[in-house]
Amino acid sequence: MKSVFVTVGTTSFDDLIATVCSPPALQVLRSRGYQKLVLQVGRGVLEPALPSSPDLAVEAFRFKDSLAEELGRADLVISHAGAGSCLETLEKGKPLIVVTNEKLMHNHQLELAKQLHRDGHVFRCNCSTLVETLQSMDLSTLKPFPPGQPEKFALFLDKVVGFQ
């Protein structure tokens with residue numbers, strides 16, 4: 001069963017959850033053959049109306065001790081731009097759409113998302129362009145992230161946030 005996993009990490013990002021649950025986004029996911037949508041909604045106030053249908057099962061939870069199982073089952077991950085969520089997804093070799101939160105001030109996450117996109121590891125969008133990104137994405141164009149080199153990721157993060 002082709003599955004999409006959406007994560008907002010430990011924060012709240014209700015706009016992302018609402019966008020993914022919108023009829024246009026659900027229609028694109030169905031048209032691309034996805035049959036399951038799993039939402040990790042974090043601290044959000046939005047209680048998503050779970051729009052399950054016979055051809056797309058939807059489930060949601062706030063937090064789990066580990067997201068490794070959800071990431072392992074996913075064929076596509078849609079995530080906020082938190083470093084931990086991005087790195088864990090990329091290390092598992094999963095295709096990733098990073099959705100930046102336009103409402104954050106001092107948005108270092110935007111810099112991370114831009115760099116990962118420039119390097120060809122992720123698709124990057126915001127909530128207003130997510131449906132378009134889902135329609136146009138070609139997962140075969142994504143480059144694998146180099147495995148198991150946390151020191152390189154630390155240097156990369158330092159560069160992104162301006163420590164180097």
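Modeller: I begin with Phe61, which is buried at a relative accessible area of 14%; buried means under 20% relative accessible area, exposed over 50%, and partly exposed in between, with a 1.4 Å probe and protein chains only. The model is a predicted one, in which local features need pLDDT of at least 70 and side-chain atom pairs count only at pLDDT 80 or more, whereas totals for chains, interfaces and linings use all residues. Residues are numbered from 1 along each chain as its sequence is written, and side-chain values use heavy atoms, with hydrogens and water left out.

Because Phe5 lies in strand β1 and Phe61 in strand β3 (residues 57-61), the pair ties together parts that are 56 residues apart in sequence. Helices (H or I, at least four residues) and strands (E, at least two) are DSSP runs, numbered from the N terminus. Phe5 also counts as buried, at 1% relative accessibility.

The ring of Phe61 has a further neighbour: the charged end of Lys64 sits over it, 4.4 Å from its centre. A charge sits over a ring if NZ of Lys or CZ of Arg is within 6 Å of the ring centre and within 35 degrees of the ring normal. Elsewhere, Lys2 lies over the face of Tyr34, at 4.4 Å from the ring centre.

A search of the whole structure finds one cavity of 30 Å³ or more, and the largest cavity has a volume of about 30 Å³. On a 1 Å grid over the protein atoms alone, a cavity is a set of points where a 1.4 Å probe fits but cannot get out, and lining residues have an atom within 4 Å of a point. Grid points are joined across faces, edges and corners, and the volume is the space filled by probe spheres set on the points. The lining consists of Phe5, Thr7, Leu67, Leu71, Ser85, Glu88 and Thr89. Two elements, β1 (3-7) and α4 (83-91), each give two or more residues to this lining, and α4 gives the most, with three. By class, the lining has three nonpolar, three polar and one charged residues; Ala, Val, Leu, Ile, Met, Phe, Trp, Tyr, Cys and Pro count as nonpolar, Asp, Glu, Lys and Arg as charged, and the others, Gly among them, as polar.

Gly93 is found in the loop between α4 and β5 (96-100) and is exposed, with a relative accessible area of 59%. The C-alpha atoms of Gly93 and Pro144 are separated by 6.5 Å, although these residues are 51 residues apart along the chain.

Leu96 and Leu139 are 8.7 Å apart in space, C-alpha to C-alpha, and 43 residues apart in sequence. In the loop between β5 and α5 stands Lys103, which is exposed with a relative accessible area of 64%. The C-alpha atoms of Lys103 and Asp15 are separated by 9.7 Å, at 88 residues apart along the chain.

The setting of these parts is as follows. The protein chain has seven helices and six strands, which follow the pattern β-α-α-β-β-α-β-α-β-α-β-α-α along the sequence. Of its 164 residues, 47% count as buried. A compact globule with 164 residues would have a radius of gyration near 15 Å, and the chain agrees with this at 15 Å; the radius is taken over C-alpha atoms, and the globule rule is 2.2 Å times the number of residues to the power 0.38. The C-alpha trace spans about 50 × 35 × 30 Å along its principal axes.

Technical notes: 1 Å grid on protein atoms, 1.4 Å probe; cavity = no way out; pocket = protein on both sides within 12 Å on 5 of 7 lines; lining within 4 Å.
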